[in-house]
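Here is a friendly tour of one model, with cut-offs given along the way. Have the viewer open as you read.

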Amino acid sequence: LPSSFLCVTVSAVWVGLVCLLFYSRLVRVGAAPICTNGQAGCHILSLADLFDRVIQHSARMHGISSDLHSEFEQYFFPSKNHIGRVNRICHTSTILTPNGKENAQRLAREELTEVILKLLVAWRDPLWHFQQSIAHHHDFNNFSSNKALEMSDMVHELRKGVEKVAEKMQMLGIISNSVNSLTSPEALIPSDRAEWRLMKDYVLLYCFRRDSNKVQNYLKILKCRIIPQHEC
Amino acid sequence: VVVYLNLHSFLFFHVLSLCLGYSPPGKPKLTSCRSPEKETFTCWWEPGSDGGLPTTYALYYRKENSDAVYECPDYHTAGENSCFFNKNDTSIWVNYNITVVATNALGSNFSDPVDVDVVYIVQPHTPENVTVTVMEDKDGPFLRVSWEPPRKADTRSGWITLIYELRVKLEGEEEWEEHRAGQQKMFNIFSLRSGGMYLVQVRCKPDHGFWSEWSSTTYIKVPDYFPRETSVWILIAVFSAFIFFILTWILNLKSNSVKHCLLPPVPGPKIKGFDKQLLKNGRSEEVFSALVVPGFPPTTSSDCEDLLVEYLEVYTPEEQELILEEGKDLQEGCLKSKGSPSDSDSGRGSCDSHTLLMEKCGEGEGKEEKHQERAQKGKRQQKHQTGWEEGDVSHTREDVLSPDMSEGRVKTWPSVFSPLPQYSSRPLDHQGSLETARHGLQLPGFRSTEYVEVQRVNQEDMVILQPLFSSSCQRDGHLQIGQGEDYSKVKGVDSGNMLLLQREVEVKREEEDGDRYSCDIQDRVTESCYTTSTAASSQVTGKPTSCAGTAMPVQEEMVLAANGYVDAATMLL
């Protein structure tokens, strides 16, 4: 009897220690929650921090898309000549994006923000469907399907993040309020729906890799224009 | 006809060229396209064989999703076999399809097309203004490396993001030490070797692109400094050395006690009659024979008288002359003045032993050596007598032995239980002592002769002696009756083994020797009377019995009641 009691005591102490450890970790992790929709009592980020977060996010997104693209290229299109003959038309080519530094710098902040948001909105559905098709295809391994899933999630998150940044900027008076009209995604999707369904997977990846790079670059330009002293 | 002629000449020309060994050009190859700042780019190609004829190269490109073919706007800026696209002709995020054509008189050759998106071919120039400075810290010096992005790369507007990398090595080494610096333009290097010469290089890369070349080497020399870890070790070493020295000094001071503790001294041999010198000389028979105590075990008459010591001669240290007579092996080597009362062997070295040969003891005086010399002399004289020449220390329990005169004879007789070493007496000795007695007797004018009287023997069998002072030297001429003659002449020995003594006439002696001598006698006389005891008793004291009061028997009487000194030797006869 005393031995079992000892066992119980020891195990209780052990469980208690483990719980304490986890709790401390949880508490630490949740130390600085991001405010969503202006919740009261949460830690408020500065504009510079917001920009850093979205830029990091976009960098990660671009990295995943590059990986997936090179995987595709390896398995399905080994020779470069073959790629050259494919007619690659992205469904986002209708969106006018600056193709050079001067062109990008010539755009106003609001316009630049709009372009970013347009791009992000345009890719939400195609990426979701792409991820679906990859999940059902047995040709791809788990690693790729996980990446595709992550990628589609990221687009969604990044869009929300950029919207937050736009809100903040509008709040601070940096940009005007014309950006709000884009928040409804339904305005864009119907005109694009037919085109992207025709896209093949590989072309999709090719186009998305480029567009994620654009997004990342535009965000950096925007940031360095609005907050020049911070790492520019 | 003109057409026919043209065709004919063309064919003729071709055939002629082929016959001569000329050929159309080989296929050129686009080697690389690079953009230094993501605003312009350059493509280079490699010409194939030229076929022996002058060949021209042309680069054509098409933009994405457009069929319009354009030719390279600039063949010269970037050098030979290159095409430079300036800002106006460069579009980012647009796919270029580029082809090079080589053309000579016989034909042309197209290269394989290459797709280029400028975003992915960015290779910046090397970082600029690489400066390295030595800075000081509490832990020592360190290097601060700082640089600037290449001039053309526009990082300020955020168009390009560069990450940097630097590498360091010591002069003479082969391996570089590489460090990623991220987007910062400054880096610190620690843990430098004092007085070393370092080489530093920096390079950069856009977030998606190629690494630039390493910048030109910057040399920096680290000044000599004293590393903090070494100084701590030096401090520790000094401290331990100090402690070590102190311990050594203490050990040195207490070396004796330590020695006693660690290496207890071996007690010297305390065997009676053991002669180390003989042992060293290698004469073992003599040594062992010396161990044989004559008279022990007592083989002769079991009288206690056999164990009597006849004479105990005391030598004074200052005296020059010592009489060493033959047959005298009762000599004393020397006296240990500091006779310690106890004679325990424990814990004492051979030198400490008082019962041992005096020659071993260097302490004290050279007089002891002198004594030893004399002892040696005496030894030599009596080689056959291997008694205790060197003499056991007369480590009698005497507290005081007056060393006033050179020669004093003390009659002692040890008890059987006495721990003191005794001289064995031999018949010869008796003779000798008798003779010495006689000598002592017959030496006129020998002033130094003094007699030491045994005062008493105390409880511990210690013979307490006292000198006979010529205190009362004044003396009339007249004789006192019964005054001591110290020596009694032996008249004879009767049948019952009794010594017949003859009373000497005082006067006669007086005449002979003068006052002094008689003074001596007088002194003796004035001593308190001692009653003689029988020889048979265990404590035989040969005392002067020259008491006036006592009426001594006639000369012919027994030895027991003899006047003056009775030689103990006489009793043994």
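## Helix 6 of chain A

Helices here are DSSP runs of H or I with at least four residues, strands are runs of E with at least two, and both are numbered from the N terminus. Helix 6 covers residues 142-172 of chain A, and its 31 residues should span 45 Å at 1.5 Å a residue; the end C-alpha atoms are 44 Å apart, which agrees. The expected span is 1.5 Å times one less than the number of residues.

This is a predicted model, in which local features need pLDDT of at least 70, side-chain atom pairs count only at pLDDT 80 or more, and totals for chains, interfaces and linings use all residues. Residues are numbered from 1 along each chain as its sequence is written, chains are lettered from A and ligands numbered from 1 in the order in which they are written, and side-chain values use heavy atoms, without hydrogens and water.

## A three-strand sheet in chain B

In chain B, 3 strands make an open antiparallel sheet in the order 9-10-13. Strand 9 (128-137) and strand 13 (186-189) of chain B are at the edges with a single partner strand each, so one side of each has no neighbour in the sheet.

Strand 10 (residues 140-148) of chain B is joined to strand 13 of chain B by 4 bridges; pairing requires at least two bridges found by DSSP. Leu143(B) has Ile189(B) as its bridge partner in strand 13 of chain B.
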